[in-house]
Amino acid sequence: MLDNVRVVLVNTSHPGNIGGAARAMKNMGLTRLVLVEPRRFPDQNAGARAAGADDVLAGAVIVDTLEEAIADCVLVLGTSARDRRIPWPVVDPREAAHKILDQLAELPDAQVALVFGREDSGLTSDELQRCQFHVHIPSNPDFSSLNLAAAVQVVAYELRMLALQRQSLPTSVQKVETSSTANEMPTTADDMEQYFAHLERVLVEIGFLNPHQPRHLMPRLRRLYGRIRVNRMEMNILRGILTETQKAIGVKAIGERRR
């Protein structure tokens, strides 16, 4: 779906920003880069900043005008940080992602362009008028200027997130602490009872729990643990902490008797 989305950079002055934008694109699964009259490109600074996105740079298309860059596109969105005299439909990056994917859902072979302007002045009014929508990133009004690559990253991120959601693909990856499936199994009721008995013994031994005046401590701890699902690996850690605590108490007691 994202193969039909191109990122267009207009008159970029520093080649490092082109490399940074290429890296941001590849991070988010975008590969098509079009450069409108870049000041310096190709350039080694672009490759250095791309940090592995050399294939995006190698496939970049260089054209002389914005008109050439978007000639075959049915939807063009231009980024703008400033208010313009002529009212124009303005969307934030998340809304822009919906516009793009709605268009591609309707016409899967359609071509879409995301246009980013110059580092110092953005897109001109004439260039923005060639875009159906203006994309405004709602940054801090007291410090609203974004680096070009950062702006590309923000818009590309929203596009990728929505694309994953629409394909019912996960947007987060759960980190697995162990390769053993057994360790990920939840603890049984018996496991929990043994743990609570062990915990109570240790709390008495360290003087935190007075067995003659428990003051509902253990029921409260049961309620606390009841709000979470402890797996076997986590239970082993908890039991290990209690065991080591008992060992430390024993060593300390022996030392005090020897003195």
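Helices H8 and H9 are oblique to each other. That is where I'll start. One caution before the details: this is a predicted model.

So, the geometry. H8 covers residues 189-205, and H9 covers residues 217-226. The two pack at an angle of about 135°. Their axes are 11 Å apart. As for handedness, H8 passes H9 in a right-handed crossing.

Who makes the contact? From H8, we have Met192, Glu193, Tyr195, Phe196, Leu199, Glu200 and Leu203. From H9, we have Leu217, Met218, Leu221, Arg222 and Tyr225. By class, the contact of H8 with H9 has nine nonpolar residues, three charged and no polar.

Stay on H8 for a moment. Its buried residues are Met192, Tyr195, Phe196, His198, Leu199, Val202 and Leu203. Look at the spacing with the helix repeat in mind. An α-helix has 3.6 residues a turn, so residues three or four places apart point the same way.

Now a length check on H8. There are 17 residues, and at 1.5 Å a residue they should span 24 Å. The end C-alpha atoms are 24 Å apart, so the two agree.

What follows H8? Just after the helix, glycine 207 takes a positive phi of about 80°. Further along, in the loop between H8 and H9, comes arginine 215. Arginine 215 has a positive phi too, about 55°, although it is not a glycine. Is arginine 215 buried or exposed? Exposed, because its relative accessibility is 67%.

Next, helix H7, residues 148-166. Here the 19 residues should span 27 Å at 1.5 Å a residue. The end C-alpha atoms are 27 Å apart, so H7 agrees with expectation. Its buried residues include Leu148, Ala151, Val155, Leu159 and Leu162. Glu158 is on the buried list as well. What do the buried residues of H7 pack against? Three strands are among the partners: E1 (5-10), E6 (112-116) and E7 (133-135). The helices are H1 (15-27), H2 and H5 (93-106).

On to the loop between strand E2 (32-36) and helix H2 (44-50). Two backbone features sit here. Glutamate 37 is in this loop, with phi near 45°, a positive value in a residue other than glycine. Glutamate 37 is partly exposed, because its relative accessible area is 49% and exposed starts over 50%. The other feature is a cis peptide bond between phenylalanine 41 and proline 42, with omega about 0°. Proline 42 is in that E2 to H2 loop too.

First, glutamate 127, in helix H6 (residues 125-128). Glutamate 127 is buried, because its relative accessible area is 14% and the cut-off is under 20%. Which residues does glutamate 127 touch, leaving aside neighbours within four places in sequence? Val10, Leu66 and Arg118.

Second, methionine 233, in helix H10 (residues 232-258). At 23% relative accessible area, methionine 233 counts as partly exposed. How far apart are methionine 233 and isoleucine 100? In sequence, 133 residues. In space, 44 Å, C-alpha to C-alpha.

That's the tour. Questions, please.

Notes:
Residues numbered from 1 in each chain as written. Predicted model: local features only at pLDDT ≥ 70, side-chain atom pairs only at ≥ 80, totals over all residues. Heavy atoms only, no water. Helix = DSSP H or I, 4+ residues; strand = E, 2+ residues; numbered from the N terminus. Buried < 20%, exposed > 50% of the residue type's maximum accessible area, 1.4 Å probe, protein only. Contact = heavy atoms within 4.5 Å. Expected span 1.5 Å × (residues − 1). Axes fitted to C-alpha atoms, helices over the stretch in contact; angles between N-to-C directions. Parallel < 35°, antiparallel > 145°, perpendicular 65-115°, else oblique. Left-handed = near helix turned anticlockwise from the far one by under 90°. Nonpolar A, V, L, I, M, F, W, Y, C, P; charged D, E, K, R; others polar.
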